[in-house]
Amino acid sequence: MQLGFVGLGAMGQPIVSRLLAQGHSVVVCDVNEAAVRTLVAKGATSAATPMEVASASETVLVSLPTPDSVRAVALGDKGLIHGTRMKRYVDLSTSGAKTMTEVATALHAKGVSSIDAPVSGGVGAAASGTLAIMVAGDRATFSALKDLLTTIGSRLTYVGEEVGHGQSLKLINNLLAATSLAAASEALVLGRRLGLGLDTMLEVINASSGRSFATEKIIPQTVPQRTFDFGFRTELMHKDVRLCLDEAENLQVSMWLGNSVKQVWSHAMTQGGGKKDFSAILHLFEAWNGVQLGKAANDDSGAAR
Ligand code: NAD
């Protein structure tokens, strides 16, 4: 299948690499020329604008950072909407239901069918093709793209016909991910203050009912060696929490916990932490409480502080 792909960042790079390795022909575009070059070296063809991508491919996927960038790529001056060949548009980004619906409506008027297919699992799952993908939109388009999506993710769920429902579900998932990472960071700092070691706490929590993706994956991979490099920026998590709470606000759904969690991520942004990995949210709790977890603290023995 001739594919187009716009947005070759932390997620786009490994996803396109997999598609190329599986024998797909992919036309790529990104404002970051180095990202384009890396994939051209692996066999992709480059296009200067999203419009060129959509003139070269029937199916175009995007993996972009923000709702504004999705709107610009899809509907802007040199956007996909002006291409001559595109028949199917797939948004893998977390861009929210509002943007998804706006873009899908505009593309529909040009005869393009859209599905939202936001992904979960991080950079490692993107590289191994084991992402979870939540798909919404026209069922026939989903069926036509099912094999392709199976190359990208191993856990594919068809959420329903309504465009945007995949996005809404992804925002709910990420609100929970943001909550559990912040809550685990806070709780582990308390444990450290109580004199508990990080390895011991993680071992027990991950064999018990307090476990989460944060305690099973994010924290063990980033905190013991203090690398804070899971592959998802704080500003992107903050964007997802905001989008989720905007959807709640529009429906006047009360979000007591969600709003507290939003304050934590907003605070990280005010402290200049937007470009840091989201695992670095731990730094806030450490600083407020005068302790450090992991290597620098040599705290893995469980010894008292
Ligand atoms: P990223 O910032 O690393 O990559 C985005 C890419 O889009 C960059 O290469 C950037 O140059 C490019 N871009 C931005 N504006 C553009 C434009 N106007 N035209 C062309 N290219 C443009 O972000 P990411 O981490 O790869 O995330 C992409 C999307 O996937 C986001 O919506 C994010 O929330 C979501 N997501 C990320 C992860 C993760 O672990 N990183 C996991 C699940 C979902």
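**Close-up 1. R226, a buried arginine in a loop.** R226 is buried, at a relative accessible area of 18% (buried means under 20%, exposed over 50%, partly exposed in between, with a 1.4 Å probe and protein chains only). You'll find R226 in the loop that links α10 and α11 (helices are DSSP runs of H or I with at least four residues, strands are runs of E with at least two, and both are numbered from the N terminus). Its phi is near 50 degrees, a positive value in a residue other than glycine. Most residues other than glycine have a negative phi. Keep in mind that this is a predicted model, where local features need pLDDT of at least 70, side-chain atom pairs count only at pLDDT 80 or more, and totals for chains, interfaces and linings use all residues. Residues are numbered from 1 along each chain as its sequence is written, and side-chain values use heavy atoms, with hydrogens and water left out.

**Close-up 2. Q252, an exposed loop residue.** Q252 sits in the loop between α11 and α12. Here too phi is positive in a residue other than glycine, near 55 degrees. Q252 is exposed, with a relative accessible area of 76%.

Close-up 3. Setting aside neighbours within four places in sequence, W265 is in contact with A178, L181, A182, T234, M237, H238, V241, F278 and I281 (contact means heavy atoms within 4.5 Å).

Close-up 4. The chain is assigned domain 1 (2–163) and domain 2 (168–297), with bounds from an automatic or database domain assignment. Taken over C-alpha atoms, the domain centres are 28 Å apart. Where they meet, 15 residues of domain 1 are in contact with 14 residues of domain 2.

**Close-up 5. The largest pocket.** Its volume is about 1,100 Å³. On a 1 Å grid over the protein atoms alone, a pocket is an open set of points where a 1.4 Å probe fits, with protein on both sides within 12 Å along at least five of seven lines, and lining residues have an atom within 4 Å of a point. Grid points are joined across faces, edges and corners, and the volume is the space filled by probe spheres set on them. Of the 46 lining residues, M11, S63, T94, F232 and L236 are the closest to the pocket's centre. By class, the lining has 26 nonpolar, 14 polar and six charged residues (Ala, Val, Leu, Ile, Met, Phe, Trp, Tyr, Cys and Pro count as nonpolar, Asp, Glu, Lys and Arg as charged, and the others, Gly among them, as polar). Domain 1 and domain 2 each give at least three residues to this lining.

**Close-up 6. The second largest pocket.** This one holds about 620 Å³ of space. R242, L243, C244, D246 and E247 are the closest to its centre out of 29 lining residues. The largest share of the lining, 11 residues, comes from α11.
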